[in-house]
Amino acid sequence: MKKYGVNELRQMFLDFFESKDHLVMKSFSLVPHNDKSLLLINAGMAPLKPYFTGQEIPPKTRVATCQKCIRTGDIENVGKTARHGTFFEMLGNFSFGDYFKDEAIAWTWEFLTEVVGLDPDRLYPSVYEDDDEAFDIWNKKIGIAPERIFRFGKADNFWEHGAGPCGPCSEVYYDRGEKYGCGKPDCTVGCDCDRYMEIWNNVFTQFDNDGHNNYTKLEKKNIDTGMGLERLACVCQEVDSMFDIDTLYALRQHVSSMAGAEYGKEYKTDVSIRVITDHIRSVTFMISDGILPSNSGRGYVLRRLLRRACRHGRLLGIQGEFLVELAKTVIAGSKDGYPELEEKQDFIFKVITKEENQFNKTIDQGLSILADMEEEMKKNGETVLSGENAFKLYDTYGFPVDLTIEILEEKGFGIDQEGFDAAVAEAKGKSKGTFGTHSYTGAEETVYDQIDAGITTEFVGYDQFECESEVTVLTTEEEVVEALSDGEKGTVIVNKTPFYATSGGQEADKGIIKTAEGTFVVTDVIKLAGGKFGHVGYVSEGMIKVGDHVSLSIDQKRRAHAAANHSATHLLQKALRIVLGTHVEQAGSLNNEDRLRFDFTHFSAMTPEEIEKVETIVNSAIQESHPVVVRNMPIEEAKKTGAAALFGEKYGDIVRVVSMGDFSIEFCGGTHVSNTSSIKAFKILSETGVAAGVRRIEALTGDGLMKYYADLEKKFIETAKLVKATPDNLADKINHLVADNKALKSEVESLKSKLAKDAMGDVMDQVIEIKGVKLLAAKLEGVDMNGLRELGDQLKEKIGEGMILLASVNDGKVCLMATATQEAMAKGAHAGNMIKAIASLVGGGGGGRPNMAQAGGKNPAGIDDAIARAKEVLEGQIG
């Protein structure tokens with residue numbers, strides 16, 4: 001058997017399946033696209049899920065890939081054994097409703113035995129215990145003896161993930177020889193030792209699981225094959241582990257050379273060498289796909305890997321920054337399969353250097369602090385580091401908590417994870433409580449404070465809706481970065497932009513920034529210090545990097561509507577000054593594509609007549625088609641024109657003056673229509689007060705107004721239908737309904753009063769006297785609280801002086817009402833205290849004034865006890 005290299009094996013696999021009419025697709029990014037279930041691509045089929053589920057149509061029904069993958073579930077074990085690693089390449093051939101078991105198994109065997117040249121006698125297939133079809137193909141068509149085919153259960157040979165497509169698997173194992181075995185007499189395929197290595201797995205997706213383990217056959221069956229490239233290389237090159245295959249061997253030797261240490265001599269040294277060898281490979285590939293170090297998500301995984309590698313470099317005695325040199329070896333070994341590594345190497349090196357340098361500044365001090373903490377723990381006989389101290393290392397010295405855990409575990413210590421989590425939560429709470437983190441000056445500290453003050457942006461959006469530019473700065477929500485990748489939120493700064501940034505009451509533009517590699521959706525634009533424009537949004541596909549040439553284009557329809565609303569506020573201000581007086585000043589505004597809002601100084605609500613006058617003046621100015629002229633002029637010259645300025649606003653020596661014919665002239669930096677006729681129409685929706693001496697008008701223009709009227713008309717027609725009228729006679733119909741309703745309501749009240757009296761019957765014989773005060777306590781049915789109060793007033797007149805207590809059951813709920821006359825109250829009777837004392841007996845609570853009180857309850861069965869108790873309560877009240 002020839003000892004093929006990693007790059008050779010990769011190409012051999014792809015060429016083989018291309019000869020079987022497969023479309024060979026380039027590896028997808030490590031960043032999942034439109035898949036929130038994954039942090040990183042961790043399997044060859046993961047990026048192809050839309051094809052398996054039918055969400056997307058595959059470019060071909062037969063596909064082959066070599067997919068870069070990262071798994072970090074057992075990161076703490078990487079280095080401790082030669083089995084574990086975070087980065088791997090997965091070879092795969094896939095069928096989307098095309099071929100099935102016959103072809104998949106035949107090609108598996110052909111590739112392994114005829115193309116790669118593995119010894120057929122050392123290959124052992126396995127099948128799902130009930131999959132006789134696969135067993136027969138291996139046995140009768142491939143010619144494998146039955147005793148060499150292993151049947152395994154669901155745990156090993158059936159792939160499923162909850163509800164959805166699933167199916168049996170067929171794996172191929174390679175016998176590496178007795179030296180890799182455990183020596184047990186029953187050692188065979190499926191043993192946990194290293195002798196029998198699984199190198200190929202065919203998943204036959206042929207069933208659909210309804211989520212309750214009820215399986216139905218799929219109409220279109222699929223093939224999902226996975227074979228670890230590193231495992232295949234181990235077998236072909238007859239080496240012990242992936243750290244010994246050609247590409248990783250070169251990298252491992254580079255690490256050993258840097259450390260001046262020989263691999264295979266001392267366990268602790270080997271652990272560190274393996275950690276660095278594995279992690280730098282993951283780091284290099286992750287950065288090439290636009291993942292940047294951060295404190296959350298994928299960025300945190302990258303930071304954790306990079307800093308773990310840094311720390312193990314220290315353990316090996318490697319001085320200074322060293323990871324870039326190792327990244328060069330990664331690129332040299334993998335660029336044949338992944339040319340983007342070489343294309344982006346400068347970017348990769350820059351990110352690694354920055355992060356390594358940042359960590360090196362704090363690691364020595366952090367390690368020293370941790371050593372002091374360890375000594376304190378030993379002195380106090382403790383074995384668990386407090387969450388507070390773990391957080392201090394994380395927050396102040398940049399130690400990922402996982403790194404602290406790892407360092408302490410090596411010495412037999414642990415950390416208080418719950419305490420650490422609580423400290424993180426408390427820190428976030430403090431930040432929220434003070435409206436963010438603040439600098440010494442009291443200004444809110446943001447990621448933008450880290451940007452070079454010399455960087456600026458030229459705004460060309462007054463005249464251009466699109467332009468070409470270059471990315472000068474990128475940030476996430478937490479830090480300045482070199483790139484943003486698919487799905488990441490951030491801010492893009494360029495040297496020239498057509499995007500208007502929120503200011504002067506006008507909301508920012510929205511739109512798109514495109515590069516050769518990706519698309520960034522702009523959801524907001526903000527003005528930053530030094531004349532920078534921050535384009536806030538997210539990467540919808542691909543990636544965007546510092547230095548990229550970009551095309552920027554705004555949403556022109558949105559801009560046109562916002563400009564129309566902004567221009568209308570200028571006309572509105574002038575009209576308000578005409579109608580209300582020259583005391584009117586702008587106190588704020590908000591203009592967007594939907595509507596305009598204008599705050600102004602005025603000391604009383606506008607009358608309907610004033611509102612109508614203002615509307616008429618604005619609409620006249622629109623119809624007069626005034627040209628809108630913009631000029632930049634010295635501020636003193638501008639003031640002489642009589643241009644209105646925003647009260648309290650600071651202006652520079654040169655100001656932008658916007659005039660609309662002879663009607664309006666104002667200082668303004670916003671965007672506007674070229675002629676007032678473009679505004680089309682104007683309508684005030686509301687006029688309200690927002691503060692002492694400040695009023696607010698909300699209004700619509702143009703298309704927004706037409707939509708408003710269309711919605712209003714629709715509601716008008718629907719309302720007419722509800723009352724069986726037409727829009728023309730709706731008012732008459734409603735007047736009739738109101739009159740009818742008034743009459744019916746009066747009739748209902750009369751009936752309720754009669755029913756209450758009937759329910760009461762003749763209760764005067766129930767009146768008793770307690771210490772000279774009359775008490776009437778009675779139970780009713782079906783009378784509501786209003787009815788009880790009315791009856792109480794009537795009964796007080798009948799008994800003259802005393803206390804009335806009435807209880808009624810209505811729809812299973814209890815109403816209690818007590819009322820007392822003036823003379824009874826003078827003797828100590830108190831309706832509120834009466835209700836308070838008995839309400840609990842009907843499962844409720846309540847109270848009230850001495851003359852009247854009420855309560856509700858949920859226990860009708862307690863009414864008799866409550867009425868009986870009233871006598872006792874009143875006795876206690878009368879002196």
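**A surface lysine and its setting**

Modeller: K680 is exposed, its relative accessible area being 52%, where exposed means over 50%, buried under 20% and partly exposed in between (1.4 Å probe, protein chains only). The model is predicted, so local features require pLDDT of at least 70 and side-chain atom pairs pLDDT 80 or more, while totals for chains, interfaces and linings use all residues. Residues are numbered from 1 along each chain as its sequence is written, and side-chain values rest on heavy atoms, without hydrogens or water.

K680 forms a salt bridge with D703, the closest N and O atoms lying 3.1 Å apart; the term denotes a side-chain nitrogen of Lys or Arg within 4 Å of a carboxyl oxygen of Asp or Glu. K680 belongs to the loop between β26 (664-667) and β27 (682-691), whereas D703 is in helix α19, so the contact ties together parts 23 residues apart in sequence. Helices (H or I, at least four residues) and strands (E, at least two) are DSSP runs, numbered from the N terminus. With 36% relative accessibility, D703 is partly exposed. Elsewhere, salt bridges with shared partners join R303, R307, E355 and E479 into one network, and the whole structure holds 43 salt bridges.

Another of these contacts joins the side chains of D599 and R696, at 2.7 Å from N to O. This pair also links distant parts of the chain, since 97 residues separate D599 in strand β23 (residues 596-601) from R696 in strand β28 (residues 694-701). D599 is buried, at 9% relative accessibility.

Helix α19 (residues 702-722) also contains Y709, which is partly exposed at 39%. M706, Y708, Y709 and L712 make a nonpolar surface patch of about 390 Å². Patches comprise residues with over 30% relative accessible area and no salt bridge, like charges being joined within 9 Å and nonpolar side chains (Val, Leu, Ile, Met, Phe, Trp, Tyr) within 5 Å. The areas come from the Shrake-Rupley method with a 1.4 Å probe, and for residues only the protein chains shown count as cover.

Strand β16 (residues 489-494) is mostly covered, with five of its six residues buried. β16 runs antiparallel to strand β13 (residues 466-475), to which four bridges join it; two strands pair if DSSP finds at least two bridges between them. Strand β20 (residues 532-545) likewise pairs with β16 in the antiparallel sense, over four bridges. T491 of β16 is the bridge partner of T475, and V536 in β20 is the bridge partner of T491.

Among the aromatic residues, rings of Phe, Tyr and Trp (its six-membered ring) pair if their centres lie within 6.5 Å; planes under 30 degrees apart are stacked, over 60 edge-to-face and the rest tilted. The count by this rule is 30 aromatic pairs. F16 and F17 have ring centres 5.0 Å apart and planes at 90 degrees, so their pair is edge-to-face. F16 and F17 are both buried. F17 also pairs edge-to-face with W107, at 6.3 Å between centres and 85 degrees between planes. Because F17 lies in helix α1 (residues 6-18) and W107 in helix α3 (residues 101-115), this pair ties together parts 90 residues apart in sequence. W107 is buried at 12%. Ring pairs link F13, F16, F17, Y99, W107, F111 and W200 into a cluster.
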